[in-house]
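Me: I'm new to this one. Can you walk me through it?

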Amino acid sequence: MAALQSSMAALSLSSSSFLGQRLSPSLYAAPALKTEEKPCLIVMKLKRWERKECKPNSLPVLHKMHVKLGDTVKVISGREKGKIGEVTRIFKHNSTVIVKDLNLKTKHVKSREEGEQGQIIKVEGPIHSSNVMLYSKEKEVASRVGHKILEDGTRARYLIKTGEVIDSKENWKQRVKEKETAATAAS
């Protein structure tokens, strides 16, 4: 303490000289520092299995898949092995598909309004695209998919085992008609 008092006396300052008073600008002027404004980057912490592989522009990598919307597929592995259904939804970022009435999960839904009861509903869960194979309804066989160029120059998918063309315009029109007849029969 004595050393502190002697240093204050050497500077000819009293201990109460700065209390409650403002300093003159010449005493505390410091060189101006460059301040860089960095944008706020809020990054969510995702679990390892929730992370999606991204390209340099931060968009998810979309994988090419051998199945398309509306294809008839057969499940070749898993709990639903051997069952046949139609693809209703596709998720390209993680290569999964939803097949109609397969891989059903139970979901417990809370009531939204007062007096309304909660319910348990069945929801179709996704299946990885490697666990499904294209299926021919005519020959009743599952097959890998191949690509070939037709006479009119269009590129089409076909089943390797049967040679049946999947993406031709006639097949597409036939599928649309089947869906319309099913919709009219249901209503």
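What follows is a short chat about this structure.

Me: What kind of model is it, and how are residues numbered?
Reply: This is a predicted model, where local features need pLDDT of at least 70, side-chain atom pairs count only at pLDDT 80 or more, and totals for chains, interfaces and linings use all residues. Residues are numbered from 1 along each chain as its sequence is written, and side-chain values use heavy atoms, with hydrogens and water left out.

Me: How many helices and strands are there?
Reply: The protein has three helices and ten strands. Both are DSSP runs, numbered from the N terminus: helices are H or I with at least four residues, strands are E with at least two.

Me: In what order do the elements run?
Reply: From the N terminus, the order is α-α-β-β-β-β-β-β-β-β-β-β-α.

Me: What share of the residues is buried?
Reply: 18% of the 187 residues count as buried. Buried means under 20% relative accessible area, exposed over 50%, and partly exposed in between (1.4 Å probe, protein chains only).

Me: Which strand does β1 pair with?
Reply: β1 (residues 72-75) pairs with β2 (residues 84-91), antiparallel, over three bridges. Strands pair if DSSP finds at least two bridges between them. K74 has I84 in β2 as its bridge partner.

Me: And how many bridges join β2 to β3?
Reply: Four bridges join β2 to β3 (residues 96-99), again antiparallel. V87 is bridged to V99 in β3. Four residues separate the strands of this hairpin, and S95 there takes a positive phi near 55 degrees.

Me: Switching topic: where is S129?
Reply: S129 sits in the loop between β6 (127-128) and β7 (132-136).

Me: Is S129 buried or exposed?
Reply: S129 is buried, at 8% relative accessible area.

Me: What is S129 in contact with?
Reply: Leaving aside neighbours within four places in sequence, S129 is in contact with M65, H66, S95 and T96. Contact means heavy atoms within 4.5 Å.

Me: Last one: how do β9 and β10 pair?
Reply: β9 (residues 145-149) and β10 (residues 155-159) pair antiparallel over five bridges. H147 stands opposite R157 in β10. The two strands form a hairpin with five residues between them, and G153 in the turn has a positive phi of about 90 degrees.
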